[in-house]
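User: Could you go through this model with me? I would like to start with the sheet and then move to the charged pairs.
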Amino acid sequence: MYDPYIDTTLNSNQPDIGSYWQAATQASPDYPALKRDIRCDTLVIGAGYTGLNCGYELAKKYQRDVVMVDALQPGWGCSGRNGGFVLRGTGRLGLAQLASRFGIDTARVFHQEYGAAISRVNQLIALGNIDCQPQAGGYYKLTHKSGMARTLRQQADFLNQNFDYPVQFFDKSQLLQQIVNHQQADAALYFPDCYGVNPLALVQGYAKMAVEAGVALFGQTPVTHFKRVSKGFEVITPQAVISARNLVLATNAYTARGLYPGINQSCLPVLSSVIVTEPLSTSQLLQLNWQQNSIIMDTRMLKYYYRLLPDNRILFGGRGAITGKAASDPVYPRRLLRALKHCFAGLENLTYQYQWSGWVGVSFDDLPRVCAVEPNLFYAAGYCGSGLSFSALAGERLAQLVAGETLPALPIYQSTLPAFPMSALRRQGQQMFYQWGRFKDRFL
Ligand SMILES: Cc1cc2nc3c(=O)[nH]c(=O)nc-3n(C[C@H](O)[C@H](O)[C@H](O)COP(=O)(O)OP(=O)(O)OC[C@H]3O[C@@H](n4cnc5c(N)ncnc54)[C@H](O)[C@@H]3O)c2cc1C
């Protein structure tokens, strides 16, 4: 599997992802490769949620002449293969952690921004009439061991009191009756404005909207390198050179080592893996008592996330291999299946039918950045595996930066991603983090 930590370029010839979403979604027509030299105001590299939202906004609101290229097709990166959890937030810090790091007033601005991100996704789905099968049952954060219930209750009080955010605490009997028949969890926190979608249908919808707004979108067009010239940038692809005044890097965790070290060295590509089971039988569903529309994540340091899909399969995700080379080792989906069976009784014979993984971009300080890194050069990256909703807003914020506007006063808009110290040893650090996480999740 392509490994951005090691590979210097991303080429267009990649193996099939094999995801459930590909099987469950009507394929959209391929966008052709760029085969002639071209000039534009702004080139966006990467057609995931971030790039597409940026291109859409630039073309629609600012009437800019926008070209967008992807090494494969829109959504080939994270955006077409994620779990489809529309969550309120990004990065790895909750509001309490943001408040202690930056103060309560700044944490409130983060909260507003995260709400704006969800609203933007909602608006785009409505505006583009995107058939991404929303499952609007909210998000439940479940304890993974006893003792965590008190922490969740404190979180509920903190969010209700300081953010006027109507999260709701569920004790064990409420959880079992009203959420799901879970074997490990003994409490839950309910976040009402979150929901599940088909992420591939969403990104295909965004691509259509961007093109309709005037973006010239090309697939199978990997950027191998770029250089600064007097009037902007000269960008090299296999069959064409693109001249652009502004350059937006929306390549996030899929940024190859050779494209722009400023992102690659500050954004550790980490694999997240997913399995999707066969459809559950009626008796399994009855025993499970899963409220169809809810999405779930647990309180582990190395989290599991899961949802019941509209066709009664379970999608179950978590940490994957460390290297691209090991990504296809069946040990990882088997481990997810085992973890799933620890959560729910009566599923002993359940198997998985789909499994895949993808790279998420983890930043050193657990927060993403949306920034101008050099004159006329912009990027958004480092969502730490939680970017479905935030990327839509990040794309809009990038467009505002390109247009010369000022963004809200938040740390994630005021600096670039901090480089990892000893960045060549990031994978060893990741290995140690996983060992510590396993120990903490089990014993502490
Ligand atoms: C398995 C998995 C599950 C996840 N689940 C969730 C979830 O449920 N909820 C959530 O909020 N987040 C989730 N995430 C994270 C979320 O999907 C990402 O944060 C989000 O999609 C990032 O979007 P993006 O547009 O920034 O990047 P991407 O979608 O990764 O897009 C980057 C694009 O850049 C292109 N590219 C890279 N290099 C080049 C080049 N040199 N030339 C041309 N094109 C290039 C790639 O082909 C790719 O399409 C998950 C991620 C994974 C992998």
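The chat below takes up strands, salt bridges, a cavity and a surface patch.

User: What should I know before reading residue numbers and side-chain values?
Analyst: This is a predicted model, in which local features need pLDDT of at least 70 and side-chain atom pairs count only at pLDDT 80 or more, while totals for chains, interfaces and linings use all residues. Residues are numbered from 1 along each chain as its sequence is written, and side-chain values use heavy atoms, with hydrogens and water left out.

User: OK, strand S11: is it enclosed or open?
Analyst: Strand S11 (residues 241-249) is largely enclosed by the rest of the structure, because seven of its nine residues are buried. Buried here means under 20% relative accessible area, with exposed being over 50% and partly exposed in between (1.4 Å probe, protein chains only). Strands are DSSP runs of E with at least two residues, helices are runs of H or I with at least four, and both are numbered from the N terminus.

User: Which strands pair with S11?
Analyst: Pairing requires at least two DSSP bridges between two strands. Strand S1 (residues 38-45) runs parallel to S11 with seven bridges, and Val44 stands opposite Val248 there. Strand S18 (residues 377-381) also pairs with S11 in the parallel sense, over three bridges, with Leu377 as the bridge partner of Leu247. Strand S10 (residues 232-236) is antiparallel to S11 and joined to it by four bridges, where Phe233 faces Ala244.

User: And how many residues are in the hairpin that joins S10 to S11?
Analyst: The hairpin connects S10 to S11 through four residues.

User: Switching to charges, how many salt bridges does the structure hold?
Analyst: There are 15 salt bridges, each being a side-chain nitrogen of Lys or Arg within 4 Å of a carboxyl oxygen of Asp or Glu. Among them is a network that links Asp41, Arg64 and Arg245.

User: Which one links distant parts of the chain?
Analyst: Glu396 and Arg120 meet in a salt bridge at 3.3 Å, N to O. This pair links distant parts of the chain, with Glu396 in helix H11 (residues 388-402) and Arg120 in helix H4, 276 residues apart. Glu396 counts as buried at 17% relative accessibility, and Arg120 counts as buried at 8%.

User: What about Asp105 and Arg108?
Analyst: Their closest N and O atoms are 3.6 Å apart in a salt bridge, and the two residues are separated by about one helical turn because they lie three residues apart in helix H4 (residues 104-127). Asp105 is exposed, with a relative accessible area of 55%, whereas Arg108 is partly exposed at 34%.

User: Where is the largest cavity, and what lines it?
Analyst: A cavity is a set of points, on a 1 Å grid over the protein atoms alone, where a 1.4 Å probe fits but cannot get out, and lining residues have an atom within 4 Å of a point. The largest cavity holds about 40 Å³ of space, and its lining includes Tyr332, Gln355 and Trp356. Strand S12 (267-277), helix H10 (331-343) and strand S16 (352-363) each supply at least two residues of that lining.

User: Last one, which residues form the nonpolar patch on the surface?
Analyst: Phe433, Trp436, Phe439, Phe443 and Leu444 form it, with about 530 Å² of accessible area together. Such patches join nonpolar side chains (Val, Leu, Ile, Met, Phe, Trp, Tyr) within 5 Å, from residues with over 30% relative accessible area and no salt bridge, and accessible areas come from the Shrake-Rupley method with a 1.4 Å probe. Phe439 lies in helix H13 (residues 426-443) and counts as partly exposed at 41% relative accessibility.

Technical notes:
Patch = residues over 30% accessible without salt bridge, like charges linked within 9 Å, V, L, I, M, F, W, Y side chains within 5 Å. 1 Å grid on protein atoms, 1.4 Å probe; cavity = no way out; pocket = protein on both sides within 12 Å on 5 of 7 lines; lining within 4 Å. Points joined across faces, edges and corners; volume = space filled by probe spheres on them.
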